[in-house]
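I opened a new notebook page for this protein. I wanted to look things up one at a time and write down what I found.

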Amino acid sequence: MESFDRNGWASEEKWAQAVMAISLCIASIRFSVAYCSYLYGIFALFAGVHYWISKKNQQPFLPERTNIGLSVIGVGLFYGSLMLSAVVLLDRQSVKMVWDMFLFCIPFFAFWFIASVFDTEKGFKIGLLAACLILCIHGITSPTMGRMQSFFKHPNAFGVYFELTLPLLGYWLVKEEGWKKLIWGAAILLSVYCLWMTESRGAILSLAGAAVLSGVICVFGMIRRRRALSCRRVIFILCLTSVCVLGGISGVITVNEQRVSSEQQEFFSKLPLDQRLVIQYEELGGERAGMVIASWHMWENHKIWGIGMSRWGEYYYLPSYHPASAHETGHVMPHNMTVYFFAGAGLFGGLSYLLFMILMFINLIKELMKNDDWLMTGAVLIAYMAFSLHGFLDATISNKNTAVIFFSLMGYYLGYCNRKQIEMRHGQ
């Protein structure tokens, strides 16, 4: 007898739906500094009650099938390498920082477990929609002197939220029927408006690039699995690609112009074209290029173990690393995850980060394609790749607000795929 065929199933499933909806809301909304503690408390309570019911009914506690082996290996290698670097350097501050970063991935295992054991699709949709509406409404109604950020600590983090959730909102807009489409459509319109108001160029560019890459992967996947590519599908993919490319480029340019004052624009317009292009590049994040170069020099001088994950800010402002033309203060990371982990944790840290992202990508695409739902595959891959691409432009997996949402969503979809495979195995 399987874990999804137990006595008292109906009542426990309803409770699981509620846990899924509430947990996803909490994971998405930073309503308190300790909001993750509430999330972990709910997970612990759910696991305890589920264990008690399983033992009482003599049912297995864990799902009969596990499909996250590659992701587990990636997580172990990545965080293990970061911790090893911190320990070898005898850096207590870095040890604490790495441990805190590791806790960000707890929702991955929790959401995977809940989605594997129970059919929580309804709870997931409610949580996704409720969190989106709450964040958007709060962002619109909150007084601000600049870029929108809602409950997030920075507008760019709010932008990452949308690049993770907009593809999923689009998926449910297509899948739902009747009046429910209006709700999902409204959520998408609000999300697009709020994304624009964050003025996050990295989020807009990453989302557009991820949509194009995801479309290419899905087309090759269909061809490999000998699925018919109808004229309608080809036209849809081409139109989506064109819209994403043009929308992404025009969006970044327009947002960049909004972030430059009218006085600056008037001054720049009088300069020769080559000088305007240089200034435009600098406005798009030219100082970040200096951070990347400085990080490279840090890694060159500390190749194996790095400088310590918590020490990047200290090293960056040293005369030997700080670019002469840089003027911004208060930076604690180089706005690039790959070079950050190479500089902070050395060769092992940087390579393990890349390996972790690759292994989770392979894990996701293998499991999603087994369900033969290409629309879902495309949506989840857009979210994953947008998050990955944004990691070359800003903080993603090292930021609690964005990492917790990322791990929650990826854990849920791997759990969803796991449950579908279990049901197919038993003909349900």
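My entries follow, from the whole fold down to single residues.

**Ground rules**

I am working with a predicted model, in which local features need pLDDT of at least 70, side-chain atom pairs count only at pLDDT 80 or more, and totals for chains, interfaces and linings use all residues. Residues are numbered from 1 along each chain as its sequence is written, and side-chain values use heavy atoms, with hydrogens and water left out.

**Entry 1: the whole fold**

I started with secondary structure. The protein comes to 17 helices and 0 strands. Helices (H or I, at least four residues) and strands (E, at least two) are DSSP runs, numbered from the N terminus.

Next I looked up burial. Of the 428 residues, 51% count as buried. Buried means under 20% relative accessible area, exposed means over 50%, and partly exposed is in between, with a 1.4 Å probe and protein chains only.

Then I checked contacts, meaning heavy atoms within 4.5 Å. Among contacts between residues at least 6 apart in sequence, 78% join residues at least 24 apart.

**Entry 2: helix H7**

I turned to H7, residues 155–175. How far apart are its end C-alpha atoms? They are 30 Å apart, which agrees with the 30 Å that its 21 residues should span at 1.5 Å a residue. The expected span is 1.5 Å times one less than the number of residues.

H7 is mostly covered, with 17 of its 21 residues buried.

**Entry 3: helix H8 and what follows it**

H8 has 19 residues. From first C-alpha to last it reaches 27 Å, close to the 27 Å expected at 1.5 Å a residue. Its buried residues include Trp184, Ile188, Cys194 and Leu195.

Most residues other than glycine have a negative phi. Glu199 is buried, at a relative accessible area of 15%.

At 15% relative accessibility, His335 counts as buried.

**Entry 4: cysteines**

How many disulfides are there? I counted 0, taking a disulfide as a pair of cysteine sulfur atoms within 2.5 Å. Cys194 is in no disulfide, and the nearest cysteine sulfur, that of Cys136, is 3.8 Å away. Cys194 is buried, with a relative accessible area of 0%. I also looked up Cys105, which is buried at 1%.

**Entry 5: aromatic pairs**

The structure holds 40 aromatic pairs. Rings of Phe, Tyr and Trp (its six-membered ring) pair if their centres lie within 6.5 Å; planes under 30 degrees apart count as stacked, over 60 as edge-to-face and the rest as tilted.

I picked out Phe78 and Phe356. Their ring centres are 5.4 Å apart and their planes are at 10°, so the pair is stacked. Phe78 is in H3 (residues 69–88) and Phe356 in H15 (residues 337–370), so I logged a link between parts of the chain 278 residues apart. Both Phe78 and Phe356 are buried.

Trp299 and Phe342 came next. This pair is edge-to-face, at 5.8 Å centre to centre and 80° between the planes. Trp299 lies in H13 (residues 286–301) and Phe342 in H15, so the pair ties together parts 43 residues apart in sequence. Trp299 and Phe342 are both buried.

Lys303 lies over the face of Trp299, 5.4 Å from the ring centre. For this, NZ of Lys or CZ of Arg must be within 6 Å of the ring centre and within 35 degrees of the ring normal.

**Entry 6: two leucines**

Leu354 lies in H15. Not counting residues up to four places away in sequence, it touches Thr338 and Phe342.

Leu205 is in H9 (residues 201–224). It too is partly exposed, at 41%. Leu205 and Glu163 are 42 residues apart in sequence and 9.7 Å apart in space, C-alpha to C-alpha.
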